[in-house]
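Have the viewer open while you read.

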Amino acid sequence: MPLLQAENLTFSYDKKHNVIKNVSLSVEKGEYIAVIGRNGSGKSTLAKLFNGLVKPDSGKLTVDGFDGNDKNSLFEIRKRVGVVFQNPDNQLVASIVEDDVAFGPENLGVPREEIGKRIDFALKAVGMEKFRHSSPTRLSGGQKQRIAIAGVLALMPEILVLDESTAMLDPQGRKEVLDVVEKLNKEKNVTVITITHYMDEVLNADKVFVLSDGEVVLTGTPEEIFKEKDRLKSLGLELPLAAVVADRLKEKGVALPDGILTNEGLAEALCALKAKI
Amino acid sequence: MRVESKDLTFIYGEGSKNLSVTALDKVSLTVEEGEFFGIIGQTGSGKTTFVQHLNGLIKVGKDKGSVIVGEYNLSDKKCDFKSLRAKVGMVFQYPEYQLFAETVKDDVAFGLKNFAPNMPEGEREKLVREAVETVGLNYDRIKEKSPFELSGGQKRRVAIAGVIVTKPEVLVLDEPAAGLDPVGKREFIELLHKLHGAFVKTIILVSHDMNLVSENCTRAAIFSHGKIHSVGTPKEIFSRYDELVELGLDLPVTASLTRALKENGIEIDSDLTVDGFIESAAKIFAGEK
Amino acid sequence: MKEVAFGQYYPAKSFVHNMDARVKILAVIAYIVAVFLVQSFQFMGFAACLLFVLIATAASGVPFGKVLKSIKGILFFIILSAILQVFFNATGNVLVEWGFIKITDKGLLNAAFIVARITLMVIGASLLTLTTSPVELADGIESLLTPLKWLKFPVHEFALIMSIALRFIPTLLDETDRIIKAQKARGADFESGNVFKKAKALIPVLIPLLISSFRRADELADAMDARCYSGSKNRTKYKKMHLTWRDLIGVLVMAGLITGVVYLNITGFLAVVV
């Protein structure tokens, strides 16, 4: 059974215009999932549905065997699906880092000693243990987002949902956050669902869902998704720049193989080409 | 208008012993009229502090160097900052957060009302319409709407219309494409070029996006720790690969490809725009099978 | 860069920092009462309060300059009160007369008295916020208010609201600065004109600030819900407050101060009576 399963989820804020339409998807334990789509495609609403922040109008969500339509399992689902939001300033509740990380476990009624251990664990996992007693206002955007991740990790979630968590960060901060998330996925087997419009964040994913106007219109590995160039273009999405360069070189008669998505891949292919002569 | 700073220095919290931070350290930089100038550097390198000097939002301190924009000497106490600000427009990060008026029309007109309070209503509305249409929105359809009921992308356009409504000669933009999706970003760049071709003579663009800078700028400056690390054409500054990496900056895709190929003994000489790179690379690789 | 004189926690490890927040809150209340108990012309009482606050500052490790800066925010208010006293207190011996304005010895004394009272009060109160993190402060108040739970007063929620408000002050100050700059760049003028014009000029700042606060509140509520927040029920607390020998010393010193001031009052009173 998948860790998270959505069956025909439909949702509207105003009961008129559906922002999520008939979305069905499943996520297995340990997977790294990317959800992409233009601004306003319903990506963020999907994150809120996964965590029970909003309830679907119809359809069913199951997380680790708990039924999202059952009122009593709401907290079981929230415990298992942690969400890190976009704005680093608007999700930290406390003025001291360790107090903020403690917030989630406190809400669950975790005993004091155990909370201390969880803070140790969570701050270490995001590499912020040195800042335990600092004030978040003095930290950089990337550091704040790492604290937000730690605050979610302290709930010991199965799934980490990143709702455009890198959109407001500078390249340095983005890299910090992505490194931490990748490490959690690889070393701690945390399932990751990253919602983004940065195409290069999609490349590492095991599976990609493309969302358009509330519907999942494409599903597959990054390679499979990026093959659908025209489809992506019509959806208002763009290929990673390296893939664009590769395509245009091919049009000019450079004999590059298909499926080049990264700088490294393109450089390698070009070097191989040169070696052949 | 030419923009020129000489030995510009700025210290936050000057006077207090352990809290003062030198944000700018003797920065001398000239941007000629007509340029599309990029300013890059890590967060905290002084970029924002620098550009906020250019329209007097931050005043030049005593003995802290000078800033001259066109005929305005900003170190001069008698400098007319109000008329300067009408000529040097500034778009902040997430500019939609500065919208406040009841209607789109009023919000866009705000700058005009401040800079030219005696302008006849008809003329004002004509300029407001022009600005809204320049940013690609339908004026008649949205003029009476509240700016807060627009979509995110529309809000940003309205905010920009509110800056360009005075037809500034110099337009300074601080990370203006943040939060836009790829298509939104591309449309935004097109808008910048459109403005640059119209009344805006000089664009100064602060950005973390190296591809954006290498693709669009005539020249750029790299800031690091409040100093200017280097100034030049994208080709000149982005060819200093190792130094950039040392500064914690990314390379544009074209530069990183050029660098990787060079390490393998393949020299590609281009201006580091995507078009330029493809043209040069195609010459070397096309037909080699 | 973000300098808020009043209320900004100064992180350090010191005697005062390590005291129990509840004791500090009570001590500051007692101190303010003491400052108020000092009667006119009993400057000895002020001297005692000043001594107390100096000792407390020394024991807190907060630089004196930082403590003094807390007055900056209300300096205008202090000066205004002093001026009103100097110029419009008509009792006592007239020293200078100029039109309808009379400066009297009593007016000067009263002005000095008021300046001393407000300054001492503010310094004492800011010492509390300088040495107590907002979270500790909120926890302390929550704990002190616990008896009110019997009256159905939402003590926990009240404390949480306070700590969140404190957490967001620096963020909103930054935001205000940014909006002011953005509107100035569009020609807004916040400096010239009379009071009404200035107040009107603030609308383009206040509305975006208000809207952004709502947006932040909305997002924060989601983030709190996502982290399983559901009110005070079954909630544990990571930080426990417990009294130590420091708190005992604090209480004793406080008691000494109050006794001293009261004693001065009584002897002063006796001196007048006898």
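## The A–B interface

Putting chain A and chain B together buries about 2,900 Å² between them, and 65% of that is on carbon and sulfur atoms. Keep in mind that this is a predicted model.

Who takes part? The contact draws 28 residues from chain A and 33 residues from chain B.

Polar contacts between chain A and chain B come to nine residue pairs, with both residues at pLDDT 80 or more.

Now for the chain A side. The elements giving two or more residues to the side that touches chain B are α6, α9 and α10 of chain A:

| Element of chain A | Residue range |
|---|---|
| α6 | 171–187 |
| α9 | 241–251 |
| α10 | 263–276 |

Of these, α10(A) gives the most, with seven residues. By residue type, the side of chain A that touches chain B splits into 16 nonpolar, six polar and six charged.

## Domains in chain C

Over in chain C, the domain assignment gives domain 1 as 1–154 + 240–274 and domain 2 as 170–231. Taken over C-alpha atoms, the centres of domain 1 and domain 2 of chain C are 32 Å apart.

Methods. Residues are numbered from 1 along each chain as its sequence is written. Chains are lettered from A and ligands numbered from 1 in the order in which they are written. This is a predicted model: local features need pLDDT of at least 70, side-chain atom pairs count only at pLDDT 80 or more; totals for chains, interfaces and linings use all residues. Side-chain values use heavy atoms; hydrogens and water are left out. Contact means heavy atoms within 4.5 Å. Buried area is the accessible area (1.4 Å probe) that two parts lose on being put together, summed over both. A polar contact is a pair of N or O atoms within 3.5 Å; within protein, one must be able to donate a hydrogen and the other to accept it, and residues adjacent in sequence count only if both atoms are side-chain atoms. Helices (H or I, at least four residues) and strands (E, at least two) are DSSP runs, numbered from the N terminus. Ala, Val, Leu, Ile, Met, Phe, Trp, Tyr, Cys and Pro count as nonpolar, Asp, Glu, Lys and Arg as charged, and the others, Gly among them, as polar. Domain bounds come from an automatic or database domain assignment.
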